[in-house]
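I opened the notebook for this one and wanted to go through the model piece by piece. Here is what I looked up.

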Amino acid sequence: MQDEIDYESLPPNAGLAVNMLAGALAGISEHAVMFPVDSIKTRMQVFATSPVAVYSGVGNAFSRISSTEGMRALWRGVSSVVLGAGPAHAVHFGTLEAVKELAGGNEAGNQWVATSLAGGSATIASDALMNPFDVIKQRMQMHKSEFRSVWTCARVVYRTEGLSAFYVSYPTTLAISIPFNAIQFTVYEHVKRFMNPTHEYSPTSHIVAGAVAGAVAAAVTTPLDVAKTILQTRGTSSEADIRNVRGMADAFRVIWNRDGLRGLSRGLTPRVLTIMPSTALCWLSYEFFKAAIRTD
């Protein structure tokens, strides 16, 4: 009988192409599955002017959107994620493994610095590619969005707001993503090793470690995510204070003036609900595809 595939017995430096392809497939799987919950998170984070678009919770948002706009509304913008997530995650995981190897993260000893450095470096590269797609996605997720096509949305945003609209949130995205991925990758590595010290084939350890890592990282970075959503959707607002935000400080000022401390946790529940299974699936998919491609 053929020997069982062992993820952890694979060479840690499996090769850049393997890591990039595995990351691309994992990224598309991760974002597509949890997209409806992400749509609810976006709507809960914006300051809607219409009472119809104000939701008391995830369940309330799901039932109201599906009943008034149809289930398809929850998937609006998913094509932007699919187009961007594959290349962005390929870059992310390729950079992740390369920096981890260079920094000595695959060697015995203290690996906290190496894994954190790898997570942060991967984020800088992948977010530069993904940010425009994320802006388009959130514009399409909005209540009563006029956009049904990625290309139409990109063209209109570029024509009316310029190229800067696609990158106005990039510094905030990095302010979220660098600590998010450093926390996620570090927690994942250590939980995985705690659960699976023998490095035997164990999908359960990838799922649990990924979920725990994602939940911790999501909770810590939620205030920054609210600010990012304000920046990325400012062009859809009719209110001057939101339309005139120019950066993270302006976004936090608007959030504080409108909703106080509570505003910093807008969308916390759907964000954690989205990211926990997403990171669990992402890491499981990544480890699986890396193993499968390597053994072909």
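Are Asp-225 and Arg-271 buried or exposed? I checked, and Asp-225 is buried, as is Arg-271. I keep in mind that this is a predicted model.

**Entry: the Asp-225 pair**

I looked at how the two side chains sit together. Asp-225 and Arg-271 form a salt bridge, with N to O at 3.4 Å. Asp-225 belongs to helix H8 (residues 203–232) and Arg-271 to helix H11 (residues 268–295), so the pair ties together parts that are 46 residues apart in sequence. I then asked which residues are linked with them in a network of salt bridges. The network holds Asp-38, Lys-41, Asp-134, Lys-137, Asp-225, Lys-228 and Arg-271.

**Entry: other salt bridges**

I found 18 salt bridges in the structure, and picked out two further ones.

Glu-189 bridges to Lys-100, and their closest N and O atoms are 3.6 Å apart. Glu-189 is in helix H7 (residues 170–195) and Lys-100 is in helix H4 (residues 78–102), so this pair ties together parts that lie 89 residues apart in sequence. I noted both Glu-189 and Lys-100 as buried.

Glu-239 pairs with Arg-258, with the closest N and O atoms 2.3 Å apart. How exposed are they? I get a relative accessible area of 23% for Glu-239, so Glu-239 is partly exposed. Arg-258 has a relative accessible area of 30%, so Arg-258 is partly exposed too.

**Entry: Thr-172**

I went to helix H7 next, where Thr-172 has its place. Why does Thr-172 count as buried? Its relative accessible area is 1%, and the cut-off for buried is under 20%. I also listed what Thr-172 touches, leaving out residues up to four places away in sequence: Leu-224, Ala-227, Lys-228, Leu-231 and Met-248. One of these, Lys-228, is also in the salt-bridge network with Asp-225 and Arg-271.

**Entry: the largest pocket**

I looked up the largest pocket and noted a volume of about 530 Å³. Which residues lie nearest its centre? They are Met-142, His-143, Thr-233, Thr-236 and Ser-237, out of 28 residues in the lining. Helix H6 (150–161) and H9 each supply at least two residues of that lining. H6 gives the most, with four residues. I sorted the lining by type and got 11 nonpolar, 10 polar and seven charged residues.

**Entry: the whole chain**

I finished with the chain as a whole. How many helices and strands are there? I count 11 helices and zero strands, and along the sequence the pattern reads α-α-α-α-α-α-α-α-α-α-α. The chain has 296 residues, and 51% of them count as buried. Of the contacts in the chain with a separation of 6 or more, 77% are between residues 24 or more positions apart. The chain exposes about 13300 Å², and carbon and sulfur atoms supply 64% of that.

Note on methods: Residues numbered from 1 in each chain as written. Predicted model: local features only at pLDDT ≥ 70, side-chain atom pairs only at ≥ 80, totals over all residues. Heavy atoms only, no water. Salt bridge = Lys/Arg side-chain N within 4 Å of Asp/Glu carboxyl O. Buried < 20%, exposed > 50% of the residue type's maximum accessible area, 1.4 Å probe, protein only. 1 Å grid on protein atoms, 1.4 Å probe; cavity = no way out; pocket = protein on both sides within 12 Å on 5 of 7 lines; lining within 4 Å. Points joined across faces, edges and corners; volume = space filled by probe spheres on them. Nonpolar A, V, L, I, M, F, W, Y, C, P; charged D, E, K, R; others polar. Contact = heavy atoms within 4.5 Å. Areas by Shrake-Rupley, 256 points an atom, 1.4 Å probe, with all protein chains shown as cover.
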